[in-house]
Amino acid sequence: MTSYVENETGVTLPFDMKDIVDKIMDAVTQMENCPYETTVNLLLVDNEGIREYNRNFRDIDKETDVLSFPNIPFEQPGDFTCVESDEADCFDPDSGELILGDIILSVEKVKSQAAEYGHGVLREFAFLVAHSMFHLCGYDHMEEQDAAVMEKKQENVLGSLGIGR
């Protein structure tokens with residue numbers, strides 16, 4: 001399992017961000033019974049940076065908290081069998097790891113939402129990473145039933161790591 005964390009903001013948070021990302025990656029991939037070692041890229045930006053990515057990739061000209069860019073064309077969430085037919089596009093040729101995708105996260109939103117929701121910065125950061133990890137595993141929350149499934153999975157992962165509100 002490999003995570004790459006790049007911080008374009010220079011803002012530091014009061015915990016080891018890579019360690020938290022690694023723990024969440026491990027918990028999510030275990031929960032989803034992923035049979036492969038995985039790679040995820042996390043880019044930390046400010047609000048203007050995430051607004052630009054949102055505008056360029058989603059045609060939405062406003063800031064958001066997190067963006068997820070899955071690399072795998074899941075037919076069913078958490079069903080990793082689809083990667084076997086698309087090996088060249090799904091696996092890192094150097095490491096052999098399954099490339100789950102990219103996460104872009106606004107550090108400013110992490111801080112402001114933690115204050116808004118009345119919990120710590122660690123909890124907000126971990127929640128957004130877990131949320132994105134499930135997107136990278138094929139989950140979505142467009143329908144109420146799908147949102148409930150995703151929310152339960154997120155809470156289970158955070159709970160297993162002792163990261164509460």
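Modeller: Let us start with D59, which sits in the loop between helix 2 and strand 3. Keep in mind that this is a predicted model.

Colleague: What is the phi of D59 like?

Modeller: D59 has a positive phi of about 55 degrees, although D59 is not a glycine.

Colleague: Is D59 buried or exposed?

Modeller: D59 has a relative accessibility of 72%. The cut-off for exposed is over 50%, so D59 counts as exposed.

Colleague: And N33, where is that one?

Modeller: N33 is in the loop between helix 1 (17–31) and strand 2 (38–45). N33 is not a glycine either, and its phi is positive, at about 55 degrees. With 63% relative accessibility, N33 counts as exposed.

Colleague: What does T64 touch?

Modeller: Leaving aside residues up to four places away in sequence, T64 touches I50, N54, S106 and K109.

Colleague: K109 again, then. Which residue forms a salt bridge with K109?

Modeller: E63 does, and the closest N and O atoms of the pair are 3.6 Å apart. E63 lies in the loop between helix 2 (47–58) and strand 3 (66–70), and K109 lies in helix 4 (residues 107–117), so the pair ties together parts that are 46 residues apart in sequence.

Colleague: How accessible are E63 and K109?

Modeller: E63 is partly exposed, with a relative accessible area of 34%. K109 is buried, at 18%.

Colleague: How many salt bridges does the structure hold?

Modeller: The structure holds seven salt bridges. One of them is between R55 and D61, where the closest N and O atoms are 2.7 Å apart. R55 counts as partly exposed at 30% relative accessibility, and D61 is also partly exposed, with a relative accessible area of 43%.

Colleague: What about R123, what does its side chain meet?

Modeller: The side chains of R123 and E155 meet in a salt bridge, at 2.9 Å from N to O. This pair links distant parts of the chain, with E155 in helix 6 and R123 in helix 5, 32 residues apart. R123 is buried, with a relative accessible area of 3%, while E155 counts as partly exposed at 38%.

Colleague: Which side chain of opposite charge is nearest to E124?

Modeller: That is R123, at 4.7 Å.

Colleague: Let us switch to packing. At what angle do helix 5 and helix 6 cross?

Modeller: Their axes cross at roughly 130 degrees and come within 10 Å, with helix 6 covering residues 144–160. That makes helix 5 oblique to helix 6. The crossing of these two helices is right-handed.

Colleague: Which residues meet there?

Modeller: From helix 5, the residues include R123, A126, F127 and A130. From helix 6, they include M150, K153, E155 and L158.

Colleague: How do helix 1 and helix 5 pack?

Modeller: They pack at an angle of about 40 degrees, with their axes 10 Å apart. That makes helix 1 oblique to helix 5. The crossing of helix 1 and helix 5 is right-handed.

Colleague: And which residues make up that contact?

Modeller: On the helix 1 side, M17, I20, V21, I24, M25, V28, T29 and M31 take part. They meet L122, F125, A126, V129, A130, M133 and F134 in helix 5. A126 and A130 of helix 5 are also among the residues that meet helix 6.

Terms used: Residues numbered from 1 in each chain as written. Predicted model: local features only at pLDDT ≥ 70, side-chain atom pairs only at ≥ 80, totals over all residues. Heavy atoms only, no water. Buried < 20%, exposed > 50% of the residue type's maximum accessible area, 1.4 Å probe, protein only. Lys, Arg positive; Asp, Glu negative; His and termini not counted. Salt bridge = Lys/Arg side-chain N within 4 Å of Asp/Glu carboxyl O. Axes fitted to C-alpha atoms, helices over the stretch in contact; angles between N-to-C directions. Helix = DSSP H or I, 4+ residues; strand = E, 2+ residues; numbered from the N terminus. Parallel < 35°, antiparallel > 145°, perpendicular 65-115°, else oblique. Left-handed = near helix turned anticlockwise from the far one by under 90°. Contact = heavy atoms within 4.5 Å.
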